[in-house]
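Here is a short report on one protein model with its ligand. It moves from local backbone features to the ligand site, then to strands and helices.

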Amino acid sequence: MSTDLFELSTLALHAGASPDPATGAILTPIYQSTTFVQEAVGVHKGFTYSRSGNPTVAALERRLAALEGGEHALCFATGLAATTALALGLLKGGDRVLVSDVAYGGTVRLFREVLPPFGVQAEFVDTAKPECLAEALRTPARLVFLETPANPTLKLTDLAACADLAHAAGALVVVDNTILTPVLQRPFELGADIVLHSTTKYIDGHNATVGGALLARDAALHERLVWVRNATGAIQSPFNAWLTLQGVKTLPLRMERHCANALQVARFLEGHPRVTAVSYPGLDSFPQRELALRQHRAGGALLAFEVEGGTEAGIRVLNNTRLCSLAENLGAAETLITHPVSMTHGSVPVEQRLATGITEGLIRLSVGLENPDDLIADLRRALSA
Ligand code: PLP
């Protein structure tokens, strides 16, 4: 971990918030108010109505912008609400979008099923191969949407290479940085125009909220997103923003422990005779290890594996863990084990799943903050069930 962590640790605690001037309260209050009284027509303190903006949500936005190394952030009700606002704000009928072929299932469904009836044409591209993106960009595209590491296989995209290709072709670059967070990956430094988060995951980190964020590099792009959020209404609630402000304080600390735990668990799985494949960017055996070392500060805490005996054997493992909870979501303090095909990626067409390695037997593990020996003991027991 780099020494930048010290800066991020401080920002995670202090950026965007200062003691309440009226009371000295150290925590930003939950401004649970629909509306804000104006002193005179057109004279107010920056807030008018909580669909347009809210002081608690604004504090979280300032903190996320500071962590991601940008100046602007906007929070949404969920991660998918952020992706929807992005599409509504930046795309119109006739536009073409190129999307990483492995991405969160809800993202795939949005681009594949929700947007095409409005005339937006989405194509799924193997962005792990910049040459495939270059080929796809021979036909003009408005937006390139990259998710790296990709949920659930952990396939990586070279952000600097793909951003260069997209910009040369006149497309905007959006990076979903949910899985590594700004602690481990810095998309703005690699060319992203917009960074997207499901704050539901590591940013909150406690399985307590759902939320999303869009961070734009450029003020004009940000203003467009401010406009569309107000016009379409999917702002985050003040209470969720307040909980997330508390959760994000320990993000750098948590990521360090998440990564250390995940590496131990990945090494255990790799050495287990019943495990046939482990995908984790922190392992030397990871096929894109060189890119992981160049692009990430550590391997992250999400991994995927398969066991001998295929689907049936995989499901037996999923059904037999006790400490690892069988659940959707990732990035929380508690370790979660997931069956992507029946859970998070159930809406991805089977052809796309099979072409991209999302097999029936694939198990996704979001390694939490428990003692790693306890996690390993739980997995060992489930693997021999
Ligand atoms: N992006 C990634 C990488 C995700 O894993 C998810 C959800 O799992 C989302 C976006 C969508 O976020 P939300 O569930 O908060 O709508």
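Thr181 has its place in helix α7 (residues 181-184). Helices here are DSSP runs of H or I with at least four residues, strands are runs of E with at least two, and both are numbered from the N terminus. The model is predicted: local features need pLDDT of at least 70, side-chain atom pairs count only at pLDDT 80 or more, and totals for chains, interfaces and linings use all residues. Residues are numbered from 1 along each chain as its sequence is written, and side-chain values use heavy atoms, with hydrogens and water left out.

Thr181 is not a glycine, yet its phi is positive, at about 65°. Its relative accessible area is 0%, so Thr181 is buried. Buried means under 20% relative accessible area, exposed means over 50%, and partly exposed lies in between (1.4 Å probe, protein chains only).

The loop between β4 (143-147) and α6 (159-168) holds Pro149. The peptide bond from Thr148 to Pro149 is cis, with omega near -10°. Pro152 is found in the loop between β4 and α6 as well. The bond from Asn151 to Pro152 is cis too, with omega near 10°. Leu154 lies in the loop between β4 and α6. Leu154 is a residue other than glycine with a positive phi, near 75°. With a relative accessible area of 1%, Leu154 is buried.

## Ligand site

Which residues are closest to the ligand? They are Leu80, Asp176, Ser198, Thr200 and Lys201, out of 13 residues that surround it. A residue counts as near when one of its heavy atoms lies within 4 Å. By class, this shell has three nonpolar, seven polar and three charged residues. Nonpolar covers Ala, Val, Leu, Ile, Met, Phe, Trp, Tyr, Cys and Pro; charged covers Asp, Glu, Lys and Arg; the others, Gly among them, are polar.

The distance is 3.0 Å for Asn151. It is 2.7 Å for Thr200. For Lys201 it is 2.8 Å. Taken alone, the ligand exposes 390 Å², and the protein buries 91% of that. Areas come from the Shrake-Rupley method with a 1.4 Å probe; for residues, only the protein chains shown count as cover.

Five of the five residues of strand β6 (residues 194-198) are buried, so the rest of the structure largely encloses it. Ile194, Leu196 and Ser198 point one way from β6, while Val195 and His197 point the other way.

β6 runs parallel to strand β5 (residues 172-176), joined by three bridges. Two strands pair if DSSP finds at least two bridges between them. Val175 has Val195 in β6 as its bridge partner. Strand β7 (residues 212-216) runs antiparallel to β6, with five bridges. Ile194 stands opposite Ala216 in β7.

## An open sheet

A further sheet is open and has five strands with mixed pairing, in the order β8-β9-β12-β11-β10. Its edge strands, β8 (275-279) and β10 (325-326), each pair on one side only. Four bridges join strand β9 (residues 302-307) to β12 in an antiparallel arrangement. Ala304 stands opposite Arg364 in β12.

Ile358 sits in the loop between α13 (350-355) and β12 (363-366). Its relative accessibility is 2%, so Ile358 counts as buried.

Helix α2 (residues 55-68) has 14 residues and reaches 20 Å from its first C-alpha to its last, close to the 20 Å expected at 1.5 Å a residue. The expected span is 1.5 Å times one less than the number of residues. α2 is mostly covered, with 12 of its 14 residues buried. Leu64 belongs to helix α2. Its relative accessibility is 4%, so Leu64 counts as buried. Asn54 caps the N-terminal end of α2, with a side-chain oxygen 2.9 Å from the backbone nitrogen of Thr56.

Helix α10 (residues 251-271) has 21 residues, which should span 30 Å at 1.5 Å a residue; its end C-alpha atoms are 30 Å apart, which agrees. Its buried residues include Leu251, Met255, His258, Phe268 and Leu269.

Methods: Polar contact = N/O pair within 3.5 Å; in protein donor to acceptor, adjacent residues only side chain to side chain.
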